[in-house]
There are 2 protein chains.
Amino acid sequence: MSALDVLGLTAGTLTTISFMPQMLRILKRRSADDLSYGALAFFIIGISLWVWYGIALHSMPILLTNAVTLALNFSILVLKITHDRRRVSE
Amino acid sequence: MSALDVLGLTAGTLTTISFMPQMLRILKRRSADDLSYGALAFFIIGISLWVWYGIALHSMPILLTNAVTLALNFSILVLKITHDRRRVSE
């Protein structure tokens with residue numbers, strides 16, 4: 001692994017870790033009311049394109065860390081849909 | 001500009017736009033109580049390293065879009081510090 005890979009992986013690990021508090025907050029409060037579908041949609045589409053960019057550029061750090069961020073934010077979206085639906089049915 | 005650059009710039013524009021609602025929310029509510037300094041710190045350091053990675057990799061999209069995201073989140077941090085200080089002095 002090159003020094004450049006280590007730099008990219010460190011960058012990606014830090015930006016990915018910074019989403020964990022948001023995720024834990026949703027799990028704890030069982031609510032994601034304060035998140036907008038618009039912002040989440042923009043972000044998920046953007047991160048998907050970053051994964052594609054990482055593949056095209058043969059950059060392992062961009063591919064790997066954005067794939068993890070994508071999975072995290074997709075989980076946040078699913079949690080939000082689940083919680084919003086539960087509230088409507090109650 | 002290559003097709004790869006367009007892909008990267010589109011990805012970066014989408015992920016950067018998704019921070020705007022957060023910024024507007026802080027400006028509107030004049031409060032950033034619900035944001036943690038920890039998450040912001042992780043994110044700002046991570047994005048700084050992405051800028052460095054973009055320079056080292058000679059990737060204009062990574063450099064440019066992360067520089068904008070860094071400026072946005074640095075503004076969010078300054079707004080949070082300002083609002084938190086004002087509350088203490090009141």
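Select A:Leu64, which lies in helix α4 of chain A, residues 60-89; helices here are DSSP runs (H or I, at least four residues) numbered from the N terminus. At 45% relative accessibility A:Leu64 counts as partly exposed, because that term covers values between buried, under 20% relative accessible area, and exposed, over 50% (1.4 Å probe, protein chains only).

This is a predicted model, in which local features need pLDDT of at least 70 and side-chain atom pairs count only at pLDDT 80 or more, while totals for chains, interfaces and linings use all residues. Residues are numbered from 1 along each chain as its sequence is written, chains are lettered from A in the order in which they are written, and side-chain values use heavy atoms, with hydrogens and water left out.

Next, select the two chains together: 30 residues of chain B are in contact with 30 residues of chain A, contact being heavy atoms within 4.5 Å. The area buried between chain B and chain A is about 2600 Å², with 81% of it given by carbon and sulfur atoms; buried area is the accessible area (1.4 Å probe) that two parts lose on being put together, summed over both. Now pick out B:Leu7, B:Trp50 and B:Tyr53, the residues of chain B that lose the most area to chain A, together 24% of what that side buries.

Finally, colour α1 (3-17), α2 (20-29), α3 (37-56) and α4 (60-89) of chain B, the elements that each give two or more residues to the side touching chain A. Of these, α3(B) supplies the largest share, eleven residues.
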